[in-house]
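Visitor: Could you walk me through this model, one question at a time?
Guide: Gladly; here it is.

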Amino acid sequence: MRSYDHDGRLHIESSAISKANVCPYYGREIPRWTELGLDPDKIYRLFRDPIELEKAAPTLRNLPVLIKHVAISAETPQQDLVVGTTGSDVEFDSPYLKCSLAVWTAEAIALVESEVQRELSSAYRYEAVMEPGVWGAEP
């Protein structure tokens, strides 16, 4: 699943980049949290809907991979945090969104290989819909 090119970059054939599940987020980590009236220090449990993940799969092609989870755009690229890229082969294989990855920097490669860095951010955006509900047994 992992290989290196001649310049030492790490290539990962397939990696889970998101998962249909319920995840905890601080209010301040949720897009538009102030508009939504969320408490920045409260933990909210957000549902990543498998139907929405499958629909979103094409939008995750060729995105920057970041060493830290922050919002970026063409206007605010945060180039110092970009350590690689997602591939163009994004697919939904329930419960995961999967695709190939390339990791470009020696620092990030070392963190991934040592498993000190178990998660990277693929710089995607989403619209939080703050409605109560239950998925499986999880609120």
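Visitor: Is Glu-127 buried or exposed?
Guide: Relative accessible area decides this: buried means under 20%, exposed over 50%, and partly exposed in between, with a 1.4 Å probe and protein chains only. Glu-127 has a relative accessibility of 57%, so the residue counts as exposed.

Visitor: Before we go on, what kind of model is this?
Guide: Residues are numbered from 1 along each chain as its sequence is written, and side-chain values use heavy atoms, with hydrogens and water left out. Local features need pLDDT of at least 70, side-chain atom pairs count only at pLDDT 80 or more, and totals for chains, interfaces and linings use all residues, because this is a model that was predicted.

Visitor: What is the mean pLDDT of the protein chain?
Guide: pLDDT is the predictor's confidence in each residue, from 0 to 100. In the protein chain, 99% of residues reach 70 or more, and the mean is 93.

Visitor: Which strand has the highest confidence?
Guide: Strands here are DSSP runs of E with at least two residues, helices are runs of H or I with at least four, and both are numbered from the N terminus. Confidence is lowest in β5, at a mean of 91. The highest mean, 97, belongs to residues 43-47, strand β4.

Visitor: Back to Glu-127: which residue does its side chain meet in a salt bridge?
Guide: A salt bridge is a side-chain nitrogen of Lys or Arg within 4 Å of a carboxyl oxygen of Asp or Glu. For Glu-127, the N to O distance is 3.0 Å, and the partner is Arg-32.

Visitor: How many residues apart in sequence are the parts that this pair ties together?
Guide: Arg-32 lies in the loop between β3 (22-26) and β4, while Glu-127 is in the segment after α2. The pair therefore ties together parts whose separation in sequence is 95 residues. Arg-32 itself counts as partly exposed, because its relative accessibility is 37%.

Visitor: Why do the buried residues of α2 line one face of the helix?
Guide: The buried residues of α2 are Ala-108, Ile-109 and Val-112. Seen down the axis of α2, they line one face because they fall within an arc, taken from the directions from the helix axis to the C-beta atoms, of 100 degrees.

Visitor: Which residues are exposed on the other side of α2?
Guide: The buried residues of α2 are covered by elements including β1 (2-4), β2, β6 and β8. On the other side, the exposed residues are Ala-106 and Glu-107.

Visitor: What is the bridge partner of Thr-85 in β8?
Guide: Two strands pair if DSSP finds at least two bridges between them. β6 and β8 pair in the antiparallel sense over 3 bridges. In β8, the partner of Thr-85 is Ala-102.

Visitor: Is Ala-102 buried or exposed?
Guide: Ala-102 touches Leu-10, His-11, Val-83, Gly-84 and Thr-85, not counting residues up to four places away in sequence, where contact means heavy atoms within 4.5 Å. With a relative accessible area of 9%, Ala-102 is buried.
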